[in-house]
Structures are given as C-alpha cells and as structure tokens.
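Subject: Structure handover and notes

Dear colleague,

Here is the structure we spoke about, for you to open alongside this message. My notes on it follow below.

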Amino acid sequence: MATIDENIAMWGRDYDWSQHGDEWSDSWGSAAAQWYFSLLPRIRDLVPAPRVLEIAPGYGRWTHYLRALATEKLTVVDLNERCIAACKERFAGDTHMEYHVNDGRSLAMIPDGTIDLVFSFDSLVHAESDVMQEYVQQIARKLTQEGVGVIHHSNMGELDGYRTRIAALPFFVRKFLRATGRLDTIDHQWRARTMTAAKFATVAQAAGLAVLSQELHNWHSVGLIDAISVFALRDSQRARANGPTRVFRNADFMRDAEQARRIAALAGAR
Ligand SMILES: C[S@@+](CC[C@H](N)C(=O)[O-])C[C@H]1O[C@@H](n2cnc3c(N)ncnc32)[C@H](O)[C@@H]1O
C-alpha cells in the first residue's frame, strides 16, 4: 500500500535526494542511458509535442529530457513542494516551463483540452487504483483531440494469486526458488497493490479513452509488476488507426537495462 500521505512523507521529507533520483537509473548505468535506450524509444513517435504535462517529476530526471521535446510548454505537477522547488532551481533558465504542487490527485490547474502529451515514469507505480482512476478521468479532459498519454503504473495487483500461492510453499522451496532467481528477493512494498493494467484499461475506457498499448514488464522482479499504458481519446484519429490494444508481456525489461548499461559503457557514456 502506498497512500498519498506516505508519498508525501517519503518523497517530501524522508528521501535523500542528494543524487536527484539518478541512482534509480543504476541498472542502466545512468539516467541518460535509461532515457536514450529505454524511454525515448518507447515515445519516439509521440514527440516532439507542443504542450507536454509531466506528472510527478521528482527532481526532474525525465523533465531534463522532456524540455527539449515540448516545443511550446512543459508543465510539471508534483505532490511535493520540495520536488517542485528542486525542478524550479534546476530548470531556472527555461522560460517555457510551468510548475504546480498538487494534492496527489487533482489536475484542476490544467485547462481542459490543452495537453498534447501527458507523461509519467517511475512515479505513479506508487499510486493506488483510486488515485489512478482520478488522474485518468481528468487526463481524458485535459488532452487535445489528438493528444496522447504515456503512463507508467503498477500492475502489482495482477500478481495477488501468485503471491498467495508462493506464500503457501514450504520455506525451503521458496529459498531454493530465490537462490535460483525464480522468485523475487525484494518485497516491492512501495508498488501499489490495488493497481493492475486491466484496471487501467477499464478506467480509461470508461473515461472515453482508447488504450493503444500496454507493456507489462518486470522491475527488479521476476513477475511483471509494472505496466506502461499508452492511450488517446477514443474518437481520435490516432485511436482509430491503432485498432485494438496492443499488449506486450515483457519479461526482459531489466535484462535490456543490463544490455544498455554494457553498451553505453563501451563508449564511456554517462
Ligand atoms: C520515485 S520519485 C520519481 C520521480 C521521477 N519521476 C523520476 O523518475 O526521477 C516519485 C515522485 O512522485 C511524486 N508523487 C508520488 N505520488 C504522487 C501523486 N499521487 N501525485 C503527484 N506526484 C506524486 C513524489 O512526490 C515524487 O516526486
């Protein structure tokens, strides 16, 4: 469970931000390697975009790259004043940025029909299904007619049955499975337990959106505990051209991170 209050306390008070969140890119070797090998390829056809909204930027790990891809305006909204203050300082020279602190749910500060791309990565995995529902419902109103969303969220709930079955196994069996890399050694307690890719799709459809694709993927885990959902208005040309939701169950997400780290290191990239 990761409540809004817990997200306020963790990222606004307790977390040591001295590395600006770049430490979460260690598996890729650097934030730059993660962006260029993992994130940019997934949004390449969606950028540049005139008006971009990033939800939950933290200290701006992805904001740094999104700035150049937002040709008119980049708006960032985070639950924590501390994170928005850090972004303001980091991107002080950038005149096309707009900053908001929210309550962890509301996008009321964004005018309807003004966002061409909404993006969030490595943040809303900590948002439970009630929060995700509110965000998705609002995003549906904020998007322009051909706007698109790319949201990284938890799929932890899909593993409920699996986790129950694993918990029922004798200790020595779990120990063996862990030792042979077939069972997680981390608990991932900060992943939202109530959220799944299927719930995202249901909520999005109810809000008038079409889910173009869903990539269910691992994250320092054996199971596919996360998902990246890409969506647009149901009556957009983009949605009509897309057809049914494309689903990719990607168990190699972290293996690709390791490959990216090795390849980037060849050129001495940071
Ligand atoms: C793990 S940090 C990641 C930040 C950034 N996306 C990155 O990858 O470096 C999580 C961020 O999400 C923000 N956050 C968590 N829950 C949120 C919510 N419901 N609405 C807005 N921001 C939220 C936190 O304040 C924090 O800045």
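Two strands are said to pair if DSSP finds at least two bridges between them, and helices (H or I, at least four residues) and strands (E, at least two) are DSSP runs, numbered from the N terminus. In that sense strand 1 and strand 2 pair in parallel over six bridges, and the partner of Ala-49 in strand 2 is Ala-70.

Before going further, please note that this is a predicted model, in which local features need pLDDT of at least 70 and side-chain atom pairs count only at pLDDT 80 or more, while totals for chains, interfaces and linings use all residues. Residues are numbered from 1 along each chain as its sequence is written.

The strands form an open sheet of eight, in the order 3-2-1-4-5-7-6-8, with mixed pairing. Strand 3 (97–101) and strand 8 (246–250) stand at the edges with a single partner strand each, so one side of each has no neighbour in the sheet. From one strand to the next the twist averages 15°, where axes are lines fitted to C-alpha atoms, for helices over the stretch in contact, and angles run from 0 to 180 degrees between N-to-C directions.

Strand 4 (residues 115–120) pairs with strand 5 in the parallel sense over five bridges, and Val-118 has Gly-149 of strand 5 as its bridge partner. Strand 5 and strand 7, by contrast, pair in the antiparallel sense over seven bridges, among them the one that links His-153 to Ala-227 in strand 7.

As for burial, a residue is buried if 20 or more other C-beta atoms lie within 10 Å of its own, exposed if 12 or fewer, and partly exposed in between, with C-beta atoms placed from the backbone. Because six of its seven residues are buried, strand 1 is largely enclosed by the rest of the structure; strand 5 is mostly covered, with nine of its 12 residues buried.

In helix 8 (residues 197–206), the buried residues are Ala-197, Lys-199, Phe-200, Ala-201, Val-203 and Ala-204. The buried residues of this helix pack against helix 5 (129–142), strand 5 (143–154), strand 6 (209–217) and strand 7 (226–233), contact meaning that the C-beta atoms of two residues, placed from the backbone, lie within 7 Å. Helix 8 lies across strand 5, strand 6 and strand 7, and runs at about 170° to strand 6. Just after helix 8, Gly-208 takes a positive phi of about 90°.

A nonpolar core is a set of buried Ala, Val, Leu, Ile, Met, Phe, Trp, Tyr and Cys residues joined through C-beta atoms within 7 Å. The largest one here has 64 residues, of which Val-52, Leu-117, Val-118, Met-132, Ala-204, Leu-209 and Phe-231 touch the most other members. Apart from neighbours within four places in sequence, Leu-209 is in contact with Ala-140, Ala-204, Phe-231, Ala-232, Leu-233 and Arg-234.

**Around the ligand**

The ligand has 22 residues around it, and those that come nearest are Gly-21, Ala-56, Gly-58, Arg-61 and Ser-123; a residue counts as near if its C-beta atom, placed from the backbone, lies within 6 Å. This shell divides into 11 nonpolar, eight polar and three charged residues, where Ala, Val, Leu, Ile, Met, Phe, Trp, Tyr, Cys and Pro count as nonpolar, Asp, Glu, Lys and Arg as charged, and the others, Gly among them, as polar. Helix 1 (residues 4–14) provides the largest share of the shell, three residues.

**Backbone points to check by eye**

Most residues other than glycine have a negative phi, and most peptide bonds are trans. Ala-56, in the loop between strand 1 and helix 3 (63–69), has a positive phi near 65°, and this residue is buried, with 26 other C-beta atoms within 10 Å. His-20, in the loop between helix 1 and helix 2, also has a positive phi, of about 65°, but is partly exposed, with 15 other C-beta atoms within 10 Å. A cis peptide bond, with omega about 0°, joins Val-47 and Pro-48, and Pro-48 is placed in the loop between helix 2 (31–43) and strand 1 (49–55).

With best wishes
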